[in-house]
Amino acid sequence: MAFVVLASVSCGAGEPVASPASVHETPGSTTPVSASDSTSPSPTGPPPFSAKVSRVARDQLPYSWRPGCPVHYRDLRLVTLTYWGFDDKPHTGRLVVRKTVTDDIVTVFKRLYGWRWPIKQMKLVDAYKGDDYDSIDADNTSAFNCRPATGSSNWSNHAYGEAIDINPRENPYVTASGSTAHQNAKKFAKRPVSGKGVVNPGDKVVKAFSRVGWEWGGYWSGTKDYQHFSKGGG
Ligand SMILES: [Zn+2]
């Protein structure tokens with residue numbers, strides 16, 4: 001599979017830290033932001049944030065993409081990036097988004113990692129055969145999925161690769177009457193609420209997305225989609 005590195009972000013001075021993420025070791029793919037970065041982690045500390053953007057092969061999206069989707073898979077990109085886990089350790093996750101928004105995503109997730117803001121897990125929705133319900137039930141953070149908006153026949157922003165759902169168990173989709181379809185999310189149906197990976201109104205996570213022009217579904221009137229961030233709202 002041919003891939004093209006379009007963007008790469010790394011903070012720190014590139015110490016040879018032990019890392020589960022090998023993505024920043026690809027020759028030529030990494031450009032240190034600053035060689036004199038005084039915030040560099042110690043050699044035994046967590047690895048610096050890294051992100052790699054690559055083209056998507058058809059067979060990487062066996063369930064989430066099909067002919068007739070509003071964005072062709074050739075206009076999508078796979079973003080492989082570092083995130084901070086609920087287990088207080090760094091992990092490598094994968095997201096698929098539209099090629100026009102990869103910088104937005106890398107900018108936000110670099111911030112989240114710097115804050116050690118925790119994410120439960122991050123796999124392509126294809127790991128759940130494209131089933132949004134199963135992905136949410138597994139508390140999986142994901143972006144692209146060629147599907148209609150919930151309760152609508154129109155395409156979701158996820159079908160355009162311009163939306164992401166973050167920690168969907170801790171940040172459920174809640175109807176105007178206050179219910180959620182996921183039993184394991186019921187205790188997170190109200191805001192504000194405290195807990196790991198929760199997004200509350202005014203949080204720095206909301207502000208980080210807002211700075212790149214992405215809006216939060218927690219600000220919708222009536223139905224609230226606390227897990228949902230999308231470019232331009234909707
Ligand atoms: Zn969503």
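Contact here means heavy atoms within 4.5 Å. The model is predicted, so local features need pLDDT of at least 70 and side-chain atom pairs count only at pLDDT 80 or more, while totals for chains, interfaces and linings use all residues. Residues are numbered from 1 along each chain as its sequence is written, and side-chain values use heavy atoms, with hydrogens and water left out.

**View 1. The overall fold of the protein.** Three helices and 10 strands make up the elements of the protein, where helices (H or I, at least four residues) and strands (E, at least two) are DSSP runs numbered from the N terminus. Among contacts between residues at least 6 apart in sequence, 58% join residues at least 24 apart. Of the 234 residues, 50% are buried, meaning under 20% relative accessible area with a 1.4 Å probe and protein chains only.

View 2. Because His158 lies in the loop between helix H2 (132-137) and strand S6 (163-165), and His228 in strand S10 (residues 228-231), the pair ties together parts that are 70 residues apart in sequence.

**View 3. The surroundings of Asn157.** Asn157 is found in the loop between H2 and S6 and is buried, with a relative accessible area of 18%. Apart from neighbours within four places in sequence, Asn157 is in contact with residues including Glu162, Ala163, Ser230 and Lys231.
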